[in-house]
Each structure stands twice: as C-alpha cells, then as structure tokens.
Amino acid sequence: MVISEIDRKIIGLLERDARMSFAALAETVGLSKTPCWNRVKALEEAGLIRGYRAAIDPAGMGFGLEALVQVSIRPELFEPFERAVRAHPLVRRAHATTGEADYLLHIMAADMASLDRLLRVEISQLPGVTRTVTAMITRDIKSENAMAEAHRHALL
C-alpha cells in the first residue's frame, strides 16, 4: 500500500490520540468525515493500523522494576521456548536476535526480590534456556516510536 501524506497525518494523529473522533481527525487532515473514515478503514484492512490500545504505566500498576534479559537457548527447543514466552504475563516484549544471545526479553517485576525469583525460578526454567544476562532498566529515555514520523524521516 502506498502511504500518502494524508494517510501519514492520520496515522500520526491516531498514534498520539487513538480516541480522537472522526470529526476531529477529518478536520485536522482536511477531509470530510466519510472519506477520513474510509482511509482509516483502508489502513486497518491493509494491516498498517493493527489495533488501538491504552498506554498503561507499569509503575502505576505496581511494577517498580523492568529489565532486559538476553537469553541463550538450545536451538532445538526454540518453538516451546517461544510458546512459553508468549504465554508469560511478565514478559512485555520478546525478540529473536542475532549476536551472542538468541532472544531479548523485556520483563517487569514489582521489586528486586520479585525480579530475582522471576529470573531464577521462571525465566531460567523456560524450555531450552542455557544462559541469561540481565540488564536493569534505570529510566526511560524514549519508549515509543512514532511510525508516521519515522516514515516521513525515512523518505527524506
């Protein structure tokens, strides 16, 4: 799908406020409501807009610690490992990687004791895990990437 300047503006506005009304969205991008709605539906059907979510503060939910965990596994167990990671509620994000580790997990815990238990009792016991290396997240520098702005920048 070719992304027009209006599509990029719509995506950017929805990234900042997914609850924006179609009337406000249309007015901001210079369309009437129906063409704006049609563009949003086309972006959804093309898979560019994958969903709408609330941004929740982990600390506000009692998760005072977040960490990045590099995980090395036995290669023949990647499928059960990935299934277990997808199902684990304290793994926020998981990525297959190149380099020294096979995966990078972004995990969260209430406190240091909880993190220690999570790493020793749960993460290290996932299928195929042979090694983990953990780095604590001390503060967020940038936690979101505006795709509309990234797309505009990439085309310069």
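Which helices are included in what covers the buried residues of H2? The cover includes helix H1 (5-16) and helix H3 (33-45).

The structure is a predicted model, in which local features need pLDDT of at least 70 and side-chain atom pairs count only at pLDDT 80 or more, while totals for chains, interfaces and linings use all residues. Residues are numbered from 1 along each chain as its sequence is written, and side-chain values use heavy atoms, with hydrogens and water left out. Helices (H or I, at least four residues) and strands (E, at least two) are DSSP runs, numbered from the N terminus.

Helix H2 spans residues 22-29, and its buried residues are Leu25, Ala26 and Val29. Because these buried residues fall within an arc of 95° when H2 is seen down its axis, they line one face of the helix. The arc is that of the directions from the helix axis to the C-beta atoms. Buried here denotes under 20% relative accessible area, exposed over 50%, and partly exposed in between (1.4 Å probe, protein chains only). After H2 comes Gly30, with a positive phi near 85°.

One aromatic pair was counted. Rings of Phe, Tyr and Trp (its six-membered ring) pair if their centres lie within 6.5 Å; planes under 30 degrees apart count as stacked, over 60 as edge-to-face and the rest as tilted. The ring centres of Phe81 and Tyr103 are 4.6 Å apart and the planes stand at 45°, so the pair is tilted.

Beyond its neighbours within four places in sequence, Phe81 is in contact (heavy atoms within 4.5 Å) with Val71, Ile73, Tyr103, Leu126, Pro127 and Val129. The C-alpha atoms of Phe81 and Leu126 are separated by 6.1 Å, although the two residues are 45 residues apart along the chain.

Ser72 belongs to strand E1 (residues 65-73). This residue counts as buried, at 10% relative accessibility. With residues up to four places away in sequence not counted, Ser72 touches Glu100, Ala101, Asp102, Gly128, Val129, Thr130 and Arg131.

Pockets were computed on a 1 Å grid over the protein atoms alone: a pocket is an open set of points where a 1.4 Å probe fits, with protein on both sides within 12 Å along at least five of seven lines, and lining residues have an atom within 4 Å of a point. Grid points are joined across faces, edges and corners, and a volume is the space filled by probe spheres set on the points. The largest pocket holds about 2000 Å³ of space. It is lined by 45 residues, of which Arg53, Arg93, Ser143, Glu144 and Asn145 are the closest to its centre. The lining of the largest pocket comprises 24 nonpolar, 7 polar and 14 charged residues. In this classification, Ala, Val, Leu, Ile, Met, Phe, Trp, Tyr, Cys and Pro count as nonpolar, Asp, Glu, Lys and Arg as charged, and the others, Gly among them, as polar. H1 gives the most to this lining, with 5 residues.

The second largest pocket has a volume of about 190 Å³. Among its 13 lining residues, Glu82, Val85, Arg86, Ala94 and His95 are the closest to its centre. Helix H4 (78-87), E2 and E3 each give two or more residues to this lining, and E2 gives the most, with 6 residues.
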